[in-house]
Amino acid sequence: MDPEQFFTASGVIIVAGKGGVGKTAVTAALAVAASSVGCRTLIVEVEGKSGLAAMFDSEQLSFDELVLVEPGSPVEPVGLQGSEQEPVQMHGGVSARTVTPDEALVEYLRAHGMQRISNRLVSLGAVELISTAVPGIRDILVLGAVKAVERSGSYDLIVLDAPAAGHAISFLRSASGLVDAVKVGPIHAQAKEVLDLLHDPTRCRVVLVTAPEETPVNELIETAYSLEDEVGVALGPVVVNGVLESLAGLGSEPQVAARDAGVQLLEGEAEMLRAAAEFRAVRTELQLTQLDRMAQDLPLPQLHLPYLFVTDLSRPELNTLAESLLDGVRGLPEPRPAP
Amino acid sequence: MSRRPTDVDESLESVVATSDVVICCGSGGVGKTTTAAVIAMHAAQQGRRAVVVTIDPARRLADALGLDGLTNEPALVEGPWPGEMWAMMLDTKSTFDDLVRRYSADDDQADQILSNSFYLNISGSLSGTQEYMASEKLYELAVEGDFDLVVVDTPPTRNALDFLEAPQRLAKFLDHRLYRVLTTPNRGIVKAVNVAAQTLMRSIAKVVGADVIGDAIAFFGAFDGMEKGFAERATEVDRLLSEQSTAFVLVASPHSDTMAEATYFAGELARLDIAVRALVVNRMQPSFGEGTSVGARLRAEALEGTELGDLYRSLAESRLLAEGEHQHLRGLADDVAPAPVVGVAVQPFEVSDLDTLMQLGEVLFDPVSLLTSDTERGSDGGPAVEPAGDPR
């Protein structure tokens with residue numbers, strides 16, 4: 001599938017996954033990938049603090065949009081396969097901002113001519129109170145704000161870094177709950193519009209992120225079915241983060257491999273090499289088992305991101321991940337033509 | 001609470017042995033629940049009567065503990081140990097219900113509150129409620145239960161201090177001044193306040209609907225008089241959390257984001273004058289011997305395309321990651337000094353039954369896992385210390 005077509009198939013991609021699987025990294029990589037095929041991309045963080053800014057070597061995100069990748073900057077060739085014939089690709093640009101419930105409520109009330117109420121409510125600390133009285137209101141305010149950006153047409157793609165998996169379901173379910181709970185007024189209208197967004201696969205998709213390990217895979221499968229059944233939102237491919245590259249030579253005996261290569265091993269080296277190889281082989285095997293199991297239990301295509309042997313991600317690593325995503329997307333089947 | 005003297009070399013073993021309460025804290029996805037379960041199991045192996053309060057455990061861990069279908073009360077985990085291990089899964093709502101029953105004047109007041117829809121919202125969704133109920137359950141078990149050790153797994157939270165601040169926050173919420181304003185008409189205060197309150201109420205009703213406001217006012221009406229009991233309880237819980245026999249164990253994984261959160265949490269605890277008594281770093285990469293990644297990588301590059309090249313590459317990549325992890329760890333180890341630092345290597349198995357739980361326990365409490373050496377804390381960056389559980 002053509003990456004540009006993939007990234008513009010819906011104006012919003014919601015990225016969800018269990019804590020510790022690299023959801024924020026995948027959010028960043030998706031945005032860079034979309035930008036590199038020319039999409040004007042916005043990342044929205046719903047939990048104030050995140051490691052996203054550091055990956056782009058940027059200051060912390062805030063309510064105001066911050067440019068992370070300049071529109072029109074050249075797409076850096078990644079790896080060795082960058083060919084000379086191709087014209088230099090330009091980035092569509094990546095911006096990022098936060099949308100927290102308090103910010104969203106104030107913005108919403110102001111946009112609806114209720115500035116005076118909004119000041120009063122905020123000064124009384126009533127936001128927490130209201131959101132307790134009406135569960136899900138925080139989520140609807142955030143999703144409503146995202147919807148407003150989507151409707152404005154300023155971006156080709158909005159990538160939303162959703163709350164961690166368990167919360168993602170209630171986060172996305174809040175709209176249908178509220179439509180029933182609050183029968184009239186602006187919140188009802190807002191919830192209804194958010195529901196329209198979530199139910200329209202041409203406007204919104206959820207991309208689930210997992211690590212190729214037993215517990216995250218279990219949770220992912222559960223989340224996927226809950227989202228489809230309870231929220232009715234379209235699911236994009238699953239992104240599997242941290243897939244170990246298989247190395248052909250891992251199974252070979254170090255002494256034999258050394259003789260074949262015409263090299264003398266130092267004392268103790270054979271043991272180190274063997275231990276490292278066995279360790280990796282076992283983990284690779286475990287990963288493959290989980291990937292197979294997921295493929296069987298969940299009929300969604302998988303995009304695999306390589307395991308990166310670093311503790312901090314920065315632009316070069318994001319570029320690598322983005323390139324892997326693009327490769328994965330190119331390998332997806334063409335969408336069926338509309339009837 | 002002050003930090004312990006530095007002349008005693010502590011280990012996770014000694015921290016657990018000298019504590020009545022262990023609180024495992026850290027961000028989500030770092031193996032916090034499993035670590036909490038292993039600590040309780042270890043205490044049972046030492047002949048103590050221990051209980052672990054888990055919050056939303058992964059399915060397989062719940063199965064391993066036999067937690068399936070359990071209620072909000074501890075259940076015995078049968079195992080080959082001289083002591084007792086109990087485990088329970090926190091049920092936020094029923095813990096809250098119990099609390100309401102405890103502090104209500106009579107059954108009528110309790111029933112009125114328990115059936116109010118605003119209450120149902122609070123007990124299910126008010127941020128911090130889960131944290132509050134976790135500490136409430138901890139208090140109940142520690143003070144009223146017959147246990148030698150209570151281990152609590154704190155809810156995964158972005159704001160690491162929620163667990164500590166939730167009791168006071170909720171008590172404050174229940175005493176919210178906006179509700180004071182809204183409920184003043186019942187208390188016969190001057191008319192001016194009344195008018196202002198009515199105006200504001202209409203404003204809020206405009207946004208969320210009048211039913212909602214009605215429920216909330218009915219709730220606070222029914223709750224009247226109970227907020228004192230809640231506030232006192234919150235203070236008691238606070239006191240328990242700051243006792244010397246309560247140990248905070250910080251759990252992290254060696255990735256930069258969870259390390260950053262752990263560092264932040266350590267700082268916040270220090271600000272409250274609470275010491276991190278042990279740091280557990282799960283899922284560390286073994287480095288396989290004492291060489292560096294650079295040497296291995298150069299050989300991998302020179303031998304690219306051969307089987308030996310692949311072997312060197314796998315060694316180089318392992319070491320590169322291990323080096324990065326150890327570098328991150330150093331700063332955090334300094335922050336929590338003199339707390340012992342335990343490094344647990346990535347295990348080639350998942351905890352799925354008591355055997356694997358015990359296997360992990362052996363690694364966690366193995367003195368070899370202690371990374372609290374000069375190498376870890378030192379600034380000169382000596383060779384990386386091997387995390388325990390290295391599968392060789």
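Reader: Which loop of chain A holds A:Glu245?

Author: This is a predicted model: local features need pLDDT of at least 70, side-chain atom pairs count only at pLDDT 80 or more, and totals for chains, interfaces and linings use all residues. Residues are numbered from 1 along each chain as its sequence is written, with chains lettered from A and ligands numbered from 1 in the order in which they are written. Helices (H or I, at least four residues) and strands (E, at least two) are DSSP runs, numbered from the N terminus. A:Glu245 sits in the loop between strand E8 (238–243) and helix H11 (254–261) of chain A.

Reader: Is A:Glu245 buried or exposed?

Author: A residue is buried if 20 or more other C-beta atoms lie within 10 Å of its own, exposed if 12 or fewer, and partly exposed in between, with C-beta atoms placed from the backbone. A:Glu245 has 12 other C-beta atoms within 10 Å, so A:Glu245 is exposed.

Reader: How far apart in space are A:Glu245 and A:Arg280?

Author: In sequence, 35 residues separate A:Glu245 and A:Arg280. In space, C-alpha to C-alpha, the value is 9.7 Å.

Reader: Which residues have the most contacts inside the largest nonpolar core?

Author: A nonpolar core is a set of buried Ala, Val, Leu, Ile, Met, Phe, Trp, Tyr and Cys residues joined through C-beta atoms within 7 Å. The largest one has 189 residues. Helix H2 (residues 23–36) of chain A gives the most to this core, with 9 residues. The residues with the most contacts inside this core are B:Ala40, B:Leu250 and B:Leu279.

Reader: Which residues does B:Leu250 contact, leaving aside neighbours within four places in sequence?

Author: Two residues are in contact if their C-beta atoms, placed from the backbone, lie within 7 Å. By that rule the partners of B:Leu250 are B:Cys25, B:Gly26, B:Ala262, B:Phe265, B:Ala266, B:Val276, B:Leu279 and B:Val336.

Reader: What is the strand order of the open sheet in chain B?

Author: Two strands pair if DSSP finds at least two bridges between them. The sheet has 8 strands with mixed pairing. Its edge strands, each pairing on one side only, are strand E3 (75–77) and strand E8 (341–345) of chain B. The order is E3-E4-E2-E5-E1-E6-E7-E8 (chain B).

Reader: Which residue of E4(B) is the bridge partner of B:Leu76?

Author: E3(B) and strand E4 (residues 84–89) of chain B run antiparallel, joined by 3 bridges. The partner of B:Leu76 in E4(B) is B:Trp86.

Reader: What angle does helix H15 of chain B make with E7(B)?

Author: Axes are lines fitted to C-alpha atoms, for helices over the stretch in contact, and angles run from 0 to 180 degrees between N-to-C directions. Helix H15 (residues 307–336) packs on the sheet and touches E6, E7 and E8 of chain B. Its direction makes with that of E7(B) an angle of about 170°.

Reader: Which residues of H11(B) are buried?

Author: Helix H11 (residues 210–223) of chain B has 14 residues. H11(B) is followed by B:Gly225, whose phi is positive, near 100°. The buried residues are B:Val212, B:Ile213, B:Ala216, B:Phe219, B:Phe220, B:Ala222 and B:Phe223.

Reader: Which helix gives the most to the side of domain 1 of chain B that touches domain 2 of chain B?

Author: Domain bounds come from an automatic or database domain assignment. Chain B is divided into domain 1 (12–104 + 128–168 + 245–286 + 325–377) and domain 2 (107–123 + 171–230). In chain B, 11 residues of domain 1 are in contact with 11 residues of domain 2. With 7 residues, the helix giving the most is H4(B).

Notes
The expected span of a helix is 1.5 Å times one less than its number of residues.
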